Amino acid sequence: MNSVGDMMRCLGLLLVVFVVIQEECLASSIHRRKKREDTDFECPKPDGLFADPETCKKFYTCAGNYPFAQNCPSSLYFDDVRKFCTRKTKQLVCGPVETPEVEPTEPPTPDPLSAPPCDTSACVLPDCFCSSDGTLIPGGLEPTETPQMILLSFDGAVNSLNFDLYKKLLTKTRTNPNGCPIKGTFFVSHEYNSHFHVQKFYSEGHEIAIHSISNRSPEEWWAKGSYEDYAEEMVGQREILHKFANISRDSLLGMRVPYLHPGGNAMMNVAYDYDFVYDSSIIAPMSYTPIWPYTLDYKIPHKCMQGTCPTRSFPGLWEIPLNTLFSNDGTGGMCSLADQCVFQENDDESVEQFLKDNFNRHYNVNRAPLGLYFHVNWFNDRNKTAVLLNFIDDIRTKHRDVWFVTMQELVSWMRNPTKVSNLNSFAPWACEKRESSCNIPKNCEVQLHLDGYVETRYMQTCAKCPVKYPWVGNFEGAAEGVKIMDLTRDAEPESDS
Ligand SMILES: *[C@@H]1O[C@H](CO)[C@@H](O)[C@H](O)[C@H]1NC(C)=O
Ligand SMILES: *[C@@H]1O[C@H](CO)[C@@H](O)[C@H](O)[C@H]1NC(C)=O
């Protein structure tokens, strides 16, 4: 099924031994074309999910007009209005639904500030990186000279309920080729978070990043959030982690929006103004050739799947996009966070094949970093955890050019693309020795003041207990809250007013 990859390999080979290989390539592409017609499904639109006209158990994922047949997990049916597999209820809508041809409402006058397309002559490392379709390796490296970076990330609060589950994966004995333990990135939200446990992961070399204070619902709130909302939620959470997990602000450099509903230019303006180094919230569409991270100097080099991507220019701010994961035979669903993939048969073999397919697609094509992004639910499933651990140990033993790095380590590499052969002495990837957390944390019982009511929250920290539960508009947890925006105004020179 790897038609693009195969084609590319074919073309490469064609140049070398034209006559002999040509036949083989033609044969295999004809074979594939046949297979393609077998599905007999025409994509109504180039991209998206579409119901099978014959059966409610099947649907198609179209990517660039190419249909991938998918089956719903047993006992579930595809709903063409809501576009996912669901149980059989009265509301279930089977079969294709005519979608009125809604022309995207173009703004009457194009935004004069919208980012221009990638200009490789002006965009140079270390502070700028782009390529016209987002798939090129930085530094002009060949795939074989490029490390296959794997990004493990964990979204949400960290606490005593999930610390041991994550520790099954992040052990000291699982190491990178330079002998240092593998590393991951925690996008931490505040509610129910234990700063004691966050500080422990940080001291072991993992990266702590920002996932907001409230992680609030409804999900769409985040797509419409204002500049001030994002400043309070994201910069506020950075202050909370700084104060209660004793992590320097200079180490809290990344953010990811809750539910992956990005807040467009408002969100990115906050990231830019408040000196975040990267964002990792933008989904890249399903594609055989995955996308490399890029800076937001220029227009995003792929389709915006979420509808609310930034459109302006944010020079030097890195985007680490979430490449859509899928298995070659469609049994692993399609997802940007690994734990959200719905497997057709929830057996170990499907999960293993899903991980392998995604790894191979990255490793054998352009070595774009492979993101394996999780919530804790993956680790609550013993079988899935065991499959993941086996998969990781398997590729670690088979490949000496695979590295499990944090997002900051990825950015350091992007800024200074270094060949596989020189990585054992690549300073940004050296083992990390950091101040450890206290051994016995304080278990603070504090009140969370919400609109019109008060709830008790417990918060573990090595620092002093706050007076109130730190929250949006009161990141210090003081008797009287101070807003992030007010702080900034105070810091501005008097002459501004
Ligand atoms: C916070 O971290 C610094 C080093 O970064 C250390 O010197 C200090 O003792 C730590 N404070 C607490 C309360 O752990
Ligand atoms: C879960 O793991 C157990 C123990 O390895 C195995 O016997 C069982 O078949 C697995 N379940 C599935 C659905 O694969």
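A: A residue is near a molecule if its C-beta atom, placed from the backbone, lies within 6 Å of it. By that rule, ligand 1 is surrounded by Asn246, Glu435, Cys462 and Ala463. This is a predicted model: local features need pLDDT of at least 70, side-chain atom pairs count only at pLDDT 80 or more, and totals for chains, interfaces and linings use all residues. Residues are numbered from 1 along each chain as its sequence is written, while chains are lettered from A and ligands numbered from 1 in the order in which they are written.

Q: How does the shell around ligand 1 divide by class?
A: Into 2 nonpolar, 1 polar and 1 charged. Ala, Val, Leu, Ile, Met, Phe, Trp, Tyr, Cys and Pro count as nonpolar, Asp, Glu, Lys and Arg as charged, and the others, Gly among them, as polar.

Q: And which residues surround ligand 2?
A: Asn346, Asp347, Asp348 and Asn383. That shell has no nonpolar residues, 2 polar and 2 charged.

Q: Switching to helices. At what angle do H8 and H10 pack?
A: About 40 degrees, with the axes 10 Å apart. H8 covers residues 348-364 and H10 covers 382-398. Helices are DSSP runs (H or I, at least four residues), numbered from the N terminus. Axes are lines fitted to C-alpha atoms over the stretch in contact, and angles run from 0 to 180 degrees between N-to-C directions.

Q: Which residues of H8 meet H10?
A: Asp348, Val351, Glu352, Leu355, Lys356 and Phe359. Their partners in H10 include Asn383 and Phe391. Contact needs C-beta atoms, placed from the backbone, within 7 Å.

Definitions and conventions
Helix = DSSP H or I, 4+ residues; strand = E, 2+ residues; numbered from the N terminus. Contact = placed C-beta atoms within 7 Å.
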